[in-house]
Amino acid sequence: MNYTIEKNEQYALIKLQEQAFGGEVPTGFETLSRSLFREGYSNLVVDFNTVESVDNNGVSVLRKINRQCSNELGLLVLVTKSDNMTDFLYASNIPDLTVLPTTEEAVDAVFMHELENDFMNEQEDEYDGELGEGTFEKE
């Protein structure tokens, strides 16, 4: 799999340099993604602009990595300007997949997602200890 990678504090940007996300490419992508998860990256931005086709194995791997990102409270964002690729990805029924036309928008989406996670954590912290403080009597 041909790619370059840029690691940032909050995300990893993977720039694929493949025309097809098929054959051995999805396996290489899955291995790379799992390695990034182990390094603590739960937000992956994948530049899909050179990709013209995705096979069934590719869809399966994207579904799996998207689910793993979600489980880690992160986000998988695919970047493509191709309307055909965008339509194909949405038609693949990958739950909550984010597809955006530019890397800048993808990075913004990651930052917004992180803010939402922080906000949710703050709300949960506000309720810690508040539940169960009352006294209940059985009648």
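Q: How many salt bridges does the structure hold?
A: The structure holds four salt bridges, a salt bridge being a side-chain nitrogen of Lys or Arg within 4 Å of a carboxyl oxygen of Asp or Glu. This is a predicted model, where local features need pLDDT of at least 70, side-chain atom pairs count only at pLDDT 80 or more, and totals for chains, interfaces and linings use all residues. Residues are numbered from 1 along each chain as its sequence is written, and side-chain values use heavy atoms, with hydrogens and water left out.

Q: Which residues are linked in a network of salt bridges?
A: E30, R34 and K64 make up that network: R34 bridges to E30 with the closest N and O atoms 3.1 Å apart, while E30 also meets K64 at 3.3 Å, N to O.

Q: Is E30 buried or exposed?
A: E30 counts as buried because its relative accessibility is 15%, whereas K64, at 29%, counts as partly exposed; buried means under 20% relative accessible area, exposed over 50%, and partly exposed in between (1.4 Å probe, protein chains only).

Q: Switching to rings, how many aromatic pairs does a search of the whole structure find?
A: The search finds three aromatic pairs, where rings of Phe, Tyr and Trp (its six-membered ring) pair if their centres lie within 6.5 Å, with planes under 30 degrees apart counted as stacked, over 60 as edge-to-face and the rest as tilted. Among them, F21 and F29 are edge-to-face, at 5.5 Å centre to centre and 75° between the planes.

Q: What about F21 and F48?
A: F21 and F48 form a tilted pair, with 5.3 Å between centres and 50° between the planes, and ring pairs thus join F21, F29 and F48 into a cluster.
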